[in-house]
Amino acid sequence: MLSRLAKLTRPKAIALSAIPTVALLATVGLAPLPFTVAQPGTTADVLGENKGDPVITITGAPTRSTKGELRMTTIIATGPAMDVDLGDVIDGWFRTDRAVMPKDAVYPSGDSTEEIEKHNLDEMKKSQNSAVDAALKYLGKTDDGIKVSLKLADIGGPSAGLLFSLGVVDKLDGDGSGGDLTGGRTIAGTGTITPDGKVGPVGGVSLKTQAAKRDGATVFLVPQAECSDAKAELPKGLQLIPVSTLKGTVESLRALEEGEKVPSC
C-alpha cells in the first residue's frame, strides 16, 4: 500500500528518480561483479574406473566384486579470472540449474588459477586420506597390512570424502552380510569426512542433486546440515537420505536394501 500511495502523490519525484537509476543499472550491467555462477557438474562412480584405471585399488586384503554405483557429485563454476556481469547474475537467480555465489566463497581471494587448482588437488588428497582412515577404522582394520589408493583425475576439493569411504567399505565388506552396500542401486551423494567418520557439509547440493538425477541416481546422500538446501530444487524421483557419520550412512543403506524405514529430510 505504501508504494502505491507514493506513486499517486509524488509522480514527479518517481519519474525523475527513474532516470539516474536506469543509468546506474546500465553501468552495473557492463561492469564485472564479484560473483561466480555455478551449475551441475560431472559425477563419477567410485566403484568403477576413471580413464581406464580403477578409482579404488586395495591390496593386502581380499576384495569383493560390487554391483550398483556410488557416484560422487560436482559442480562447475565460472573461473576466478572470468568476469560475471549483472545479466549473468540475474539469469542465474531465475534458473533452477544455476546458482550465484560470492566469488571469494568459491575461490580464495587473490589466488591465481594455478594456485587454486593446486589448492583443490591438495584438498582432494587430504580428503582421500581421511576417507581411507575412516573406512578402515569403521571396519576395525588398520593400514599396516591394507593399502588403499584412490585415483580420480581432474576433480579437486574435499567433497567426495564420504563416497570414497563408502566405496572402500563396499569393496572390503559390502553390507556386512554378503550383499552390496548399494543394493544394486545407483546411489549418489556428497559430503566431507573426518578420519573418525564424521560427515560435513560442502555447499552446492541443490546443483549436485540435479547432476545425480541426470546420471541415473535414485538415492542421494546429503549432509544433515544441508537437507533444506537439497530439498529446494529436488528432482522428482530422487530420494534424500540425510547423513552425519559414516556408521549412520552404512546403517541407512542397509535399511534401504532390506526395505526398512530410513531417515529423510
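Colleague: Buried means under 20% relative accessible area, exposed means over 50%, and partly exposed lies in between, for a 1.4 Å probe and protein chains only. How many of the 13 residues of α6 are buried?

Modeller: This is a predicted model, in which local features need pLDDT of at least 70, side-chain atom pairs count only at pLDDT 80 or more, and totals for chains, interfaces and linings use all residues. Residues are numbered from 1 along each chain as its sequence is written, and side-chain values use heavy atoms, with hydrogens and water left out. Among the buried residues of α6 are Gly161, Phe164, Ser165, Asp170 and Lys171. The helix is mostly covered, and the number of its residues that are buried is twelve.

Colleague: Is α6 oblique, parallel or perpendicular to α9?

Modeller: Axes are lines fitted to C-alpha atoms, for helices over the stretch in contact, and angles run from 0 to 180 degrees between N-to-C directions. Helix α6 packs against α9, which covers residues 246-257, at an angle of about 60° with the axes 11 Å apart. Angles under 35 degrees count as roughly parallel, over 145 as roughly antiparallel, 65 to 115 as roughly perpendicular and the rest as oblique. The arrangement of α6 relative to α9 is therefore oblique.

Colleague: Which residues in α9 meet α6?

Modeller: The α6 side of this contact consists of Leu162, Ser165, Leu166, Val169 and Asp173. On the side of α9, the residues that meet them are Leu246, Thr249, Val250, Leu253 and Arg254.

Colleague: Which residues of α9 make the contact with α5?

Modeller: The axes of α5, which spans residues 113-139, and α9 come within 10 Å and cross at roughly 65°. These two helices are therefore roughly perpendicular to each other. From α5 the contact takes Ala134, Ala135 and Tyr138, and from α9 it takes Leu246, Lys247, Val250 and Arg254.

Colleague: Which residue is 81 residues apart in sequence from Lys247?

Modeller: Lys247 has its place in helix α9, and it counts as exposed because its relative accessible area is 52%. Its C-alpha atom lies 9.8 Å in space from that of the residue in question, which is Leu166.

Colleague: How far apart are the axes of α5 and α6?

Modeller: The two helices pack at an angle of about 40°, with their axes 8 Å apart. That angle makes α5 oblique to α6. The contact brings residues of α5, including Met124, Gln128, Ala131 and Leu139, to residues of α6, including Gly161, Phe164, Val168 and Leu172. To restate the separation asked for, the axes are apart by 8 Å.

Colleague: What is the relative accessible area of Lys208?

Modeller: Lys208 is found in helix α7, and this helix, residues 205-214, is mostly covered, with eight of its ten residues buried. Beyond residues up to four places away in sequence, Lys208 touches Thr73, Thr74, Ile75, Ser159, Thr190, Val202, Gly203 and Phe220. Its C-alpha atom is separated by 9.7 Å from that of Leu234, which is 26 residues apart along the chain. Lys208 counts as buried because its relative accessible area is 3%.

Colleague: Is Gln210 buried or exposed?

Modeller: Gln210 is also found in α7. Leaving aside neighbours within four places in sequence, its contacts are Pro40, Thr96, Asp97, Glu233 and Pro235. Because its relative accessible area is 18%, Gln210 is buried.

Conventions. Helix = DSSP H or I, 4+ residues; strand = E, 2+ residues; numbered from the N terminus. Contact = heavy atoms within 4.5 Å.
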